[in-house]
Amino acid sequence: MEGRRSLKRPACLLLCVLFLFCLSACGADPSPRTASVWAFDTLCSATVYGGPDSVQSPLEASLREGEGLLRAGTDGRRFAEADGQLLEFLSSEEAELIQTAWQISDWSDGAFDLTVAPLSALWDVSRATRPPAEEDIARALALVGYRTAECTAEGVCFSKAGQGLDLGAVAKGSAGDRAAERLQALGCTGGVLDLGGNIKLFGAKPDGSLFRVGIRDPRGDSALGILTLTDTSVITSGSYERYFEYEGVRYHHILDPRTGRPAESGLLSVTVVCKDGALADMLSTACFVLGAERGTALLDTVNASGRWPAAEGIFVLEDGGVVVTAGLEDAFSLTSKDYFRKEADP
Ligand code: ADP
Ligand code: MG
C-alpha cells in the first residue's frame, strides 16, 4: 500500500502543476479591459481582467440598476409632500441601506444624517455661487433630524412636509458592490472600479499581485500615500471634491447637521476601507463630519458590534497629519513629504 501511494503522489503533483501552468498560460488574458459610464452624476470607470471581451454594457447596466434601486429623483433626494407621509422603500436593498444609515446616525450622534436633504438642496453646492441666507439655513435646519422621522420596515415616516432623504452619501458605495458582483459573475478575475473616487477592488491581476490605490493629496493632484490590497472598498470623502468659493471662503458639500453649514472638523479628507462599500461610504461621510478623534471612535463602535466586515480609516488633517487605524498599518504607506504620520488626539 505504502509503496503504491508514494509512486502515485509525484505523478499527481506533476499533473496538477501542468494543469495550473495551462490555466495561467492559456486562460488568463493579461491585458485589462476598460469601460466608463456617466452615472450618479460622476464619471465611473472599470479596469478589469478576464471575463467578456467588453465590460461596457454590464458596467452600464449595473450602475443604471443601482441608480434605479436607490433614487426617485435625479439628485438622490426625495421629499415628503405632506405631514406624516411615509416615503416607502423602493427596494429591499434600499431598505437595508437606510436601516443601516439610521444606525450610523445614532452612533455618530446625528453627524451622519440622511434627512439632511432640505439643507443639501438649499446649499446645492454643485451649482451654487454663494452661501444661502442665515434665515434660510435656519428654516432648512428645522426640517433636518433623523430622530424626528421614523424608520420602519416599510419606509421612512416624516412628521413634517418638506422633510426628506438624501442618498448622496451612500449611493455610490452600494453601486460599486453590485457592479463588482456582476463583473465577477461574468468571469472577471480581478478589477478596479472607480465611481468618482469611490474605489471597489476585487480579485487580483493576472500575475497574482494586489492592487495599488493612491490616496489623493487633498491639496494637490498627486497621491499622498498608497494602499496595497484587494477585495474591499476604498471610499474617500473630502472637502476638495465638490465645492464653490465665495469671497475667498471655500464651501464644500459635506454638511454638519448641527450647524447647517459645511463641516469643519479639522480634516481635509477621510478614506474608509471596508469590504462593505455601502457602509464604507456612510462611514467616510460620517467620519468627515466627526473629525479624527470621534471618527476613529465611531469605527471602533462599528467594529465592536461585529455586524459588518471590519472598517478602517485614513484621516488627513488640515495640519498635514495623517492618522491611520491599526488594521491598515501593513497596507498603507505614506509617500508624500508634505504629510506626516500622527496618532489621533486623545
Ligand atoms: P461624495 O458623494 O462626493 O463621494 P460623500 O459620500 O461624502 O461624498 O457624500 C456627500 C453627499 O452626502 C453630499 O453631496 C450630500 O448629498 C450628502 N450629505 C452631506 N452632508 C451629509 C451628512 N452630514 N450626512 C449624510 N449625508 C450628507
Ligand atoms: Mg460617503
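**View 1. The largest pocket holds about 890 Å³ of space.** 36 residues line this pocket, and D166, G168, A169, R242 and H253 lie closest to its centre. Pockets are found on a 1 Å grid over the protein atoms alone: a pocket is an open set of points with protein on both sides within 12 Å along at least five of seven lines, and a lining residue has an atom within 4 Å of a point. Volume is the space filled by probe spheres set on the points, which are joined across faces, edges and corners. The model is predicted, so local features need pLDDT of at least 70 and side-chain atom pairs pLDDT 80 or more, while totals for chains, interfaces and linings use all residues. Residues are numbered from 1 along each chain as written, chains are lettered from A and ligands numbered from 1 in written order, and side-chain values use heavy atoms, without hydrogens or water.

**View 2. Helices and a strand share in the lining of the largest pocket.** Look for α6 (171-185), β12 (232-238) and α7, each of which supplies at least two lining residues. The largest share, 3 residues, comes from α7. Helices (H or I, at least four residues) and strands (E, at least two) are DSSP runs, numbered from the N terminus. By residue type, the lining splits into 12 nonpolar, 12 polar and 12 charged. Here Ala, Val, Leu, Ile, Met, Phe, Trp, Tyr, Cys and Pro are nonpolar, Asp, Glu, Lys and Arg are charged, and the others, Gly among them, are polar.

**View 3. Ligand 1 takes up the space of the largest pocket.** A molecule sits in a pocket if more than half of its atoms lie within 2 Å of the grid points. Around ligand 1 stand 18 residues, and the closest are D166, S237, H253, L255 and T285. They count as near with a heavy atom within 4 Å. This shell has 8 nonpolar, 5 polar and 5 charged residues. Helix α7 (residues 277-305) gives the largest share of the shell, 3 residues.

View 4. At least two lining residues come from each of α2 (56-70), α3 (92-107), α6 and α7. α3 has the largest share, with 5 residues. The lining counts 7 nonpolar, 4 polar and 6 charged residues.

**View 5. The structure holds 1 cavity of 30 Å³ or more.** In a cavity, a 1.4 Å probe fits but cannot get out. The largest cavity contains about 40 Å³ of space. Its lining is K172, G173, G176, D177, N198, I199, K200, S233 and I235. α6, β9 (198-203) and β12 each give two or more of these residues. α6 gives the most, with 4 residues. By type, the lining has 2 nonpolar, 4 polar and 3 charged residues.
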